[in-house]
Amino acid sequence: MVAEQRFWVARHAGKLTSTLSRRLGRGEGAVIGGRVALALDPGALRRLARERRIALVSGTNGKTTTSHLLAAVLRTLGPVAHNATGANMPDGALAALADAPDAQLAVLEVDELHVATVAGAVDPRVVVLGNLSRDQLDRGNEVRAVAAALAQALRHHPDTWVVANADDPMVVWAARAAARTVWVSAGSGWSGDTAGCPRCGEPLRLTLGRAWGCRCGLVRPRPQWSVRREDCALTDDEGLSVPLSLHLPGAFNLGNAALALVAGAVLGADPLVAAAGLANVSNVGDRYRKVRRGRHELRLLMAKNPAGWAETLPLLEPDASLLLVINAREADGRDTSWLWDVPFEQLTSRPGVATDVVAAGERAHDLGLRLDYGHVRHTTVTDPVDALACLPPGKVEVVANYTAFRTLARRLATEHT
Amino acid sequence: MSAPTAADLAIAVLLPDVLGTYSDAGNAVVLAERARRRGVSTQLLTVTLADAPPHGADVYVLGGGEDAALPAAARWLLRHRMRDALAEARAVLAVCAGFQLLGSTITDLAGRVVQGLEVLDADTAPGRERAVGEVVASATVATIGELTGFENHRGHTTLGPAVQPLAVPTRGTGNGTQQHGRPSEGALSGAIVATYLHGPVLARNPSLADHLLALATGLDQPPLDLPDQEPLRRAYLETSPHARGRRWRPIGRNRSRRRG
Ligand SMILES: [Zn+2]
């Protein structure tokens, strides 16, 4: 009785704070609201999750996009609770569930370090793991330690299906602990962290196609589902072929869509029906959003770490100018060393004049020096909005890391175009 | 010694697959580019766990890695007798785990001991907590000056009495130990420069890059114009307590014990 009242108070206090915070223009209300509710009642998340079918989406890159795609898939079955703003800590999960009390289905994007906590509270039907690579090392989170913690968390949920990318050795190492797995060959563009075997540290052998293996016995599991890039399709091992027609660019988004469709299938959504709806997902939060501003047409892209940048650089339109924005706040990781693992040298093959690349952001000079050494001609202007003035009229591809992206997207929205 | 001919400077990056976690391979890019701009051409060699090493490279660069990767790296270095190659190199830069591996022993949290290459008289054992954050340190060689970098390590390294530290930290942890009564960061021993600083350290500290290039080529290293370098250095030095006036001062009674 007392517990129920506390829960009610916590939930409504949380919602009220969330609404207030939104009205006051303090950005995303979800986190603040969820934080209040969790502080008032630590059991709130467990109770809000009761009787729902919940999918958690985690991994280093693409979890926001994958969660949006999965929410679109599950909407073919009914209303879906979803932490769509990317508030991926336990408080964000709680706020999403509180905001959609009638949704039987939920998609919760979860930070990879918080999977154990959230899974412990919501007992998910499905956990989606797309990739694991280095991110925010300054918190001491070596990628192997993150994978080990995930494996530990999954061991506690023998009834949970883990939909995992068979092409990412670190994901395989984490997901092998799970009792029930569906392996998806979703592709992997980054090998920088897994050239050494996740289990024993010896070199991994790349064998035929996307296969890989190690002498210690860790090998790529045989996938039940695979992305076929040639004709943009998801195929299963019994010959089913699902067309992936996406609005989102890039091979890695084909992988994200594949994981979303397979996770949806586990929860009962027919992939052939659900795939049709994926083309309607055109931006994710503000990612991939197009903004007209003065003489410029901007496209906003987020890339947070070497793997994310390696996936994003090939997407950049050759005739657009570039605004690259880097911060190093706590949420980004304070250490900017990772810029040296981004293959910026690729940009030297672009056509264009010296002024068409601008390095910006609070750590513009860290980026600028990296570009200097990579032979990428550029100008350095700390303020990204001021930096636009340096660029010729026309298309501008904006690539920014986490807080740089959020700050710039907000400024562009409030400034009005 | 005559000026090196084209592609005369071979720079080998050792084990970036396991000692590449903190982007230290960028140090080799910095060395090669600074040499190139001064008319010295270079060859960059990448040597992974699956390769056999090129003995006789002029410069070797080792970076930091995850704790779990350290034994595999140590086995590779010992198996390929890299002790001789490193001892004969014109210049060696070893960062973080790379620094630890050049020492005699590395003890992990469970008390297991990994044998290092014994190129440096140094032993590493876990500290009480992980040292993570910005470091500012005054080099023990005047021409190198102030160093900045980002450290991220648990190991504390004790230098043998004859080993000169690379620098004295004024902010951050560095080696986590004292050398002759002062906190120490890294080590300098002949052609070997060892440090806990990432960044990569040579991008952040061009004077240290040029110190290594001078060792490697025997040539003076005239300044280079990289427009982002000065504002970047200023930013890192200004955010340090050093710049706010809390300058580290040598303690008088320890001066007499310093090596000449
Ligand atoms: Zn192995």
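1. The model is predicted: local features need pLDDT of at least 70, side-chain atom pairs count only at pLDDT 80 or more, and totals for chains, interfaces and linings use all residues. Residues are numbered from 1 along each chain as its sequence is written, chains are lettered from A and ligands numbered from 1 in the order in which they are written, and side-chain values use heavy atoms, with hydrogens and water left out.

2. The zinc ion has as protein donors the SG atoms of Cys197(A), Cys200(A), Cys214(A) and Cys216(A), 2.2 to 2.4 Å away. Donors are N, O and S atoms within 2.8 Å of the metal (3.2 Å for Na, K and Ca); water is not among the atoms, so sites may look incomplete. The spacing of the donor residues in sequence is C-x2-C-x13-C-x1-C.

3. Cys214(A) is buried, at 4% relative accessibility, while Cys216(A) is partly exposed at 31%. Buried means under 20% relative accessible area, exposed over 50%, and partly exposed in between (1.4 Å probe, protein chains only).

4. Helix α12 of chain A, residues 364-373, has nine of its ten residues buried, so it is largely enclosed by the rest of the structure. Helices (H or I, at least four residues) and strands (E, at least two) are DSSP runs, numbered from the N terminus. The buried residues of α12(A) pack against elements including β14 (321-325) of chain A and α7 (229-238) of chain B. Just after α12(A), His375(A) has a positive phi of about 65°.

5. Chain B holds eight helices and 13 strands. Of its 260 residues, 56% are buried.

Note on methods: Contact means heavy atoms within 4.5 Å.
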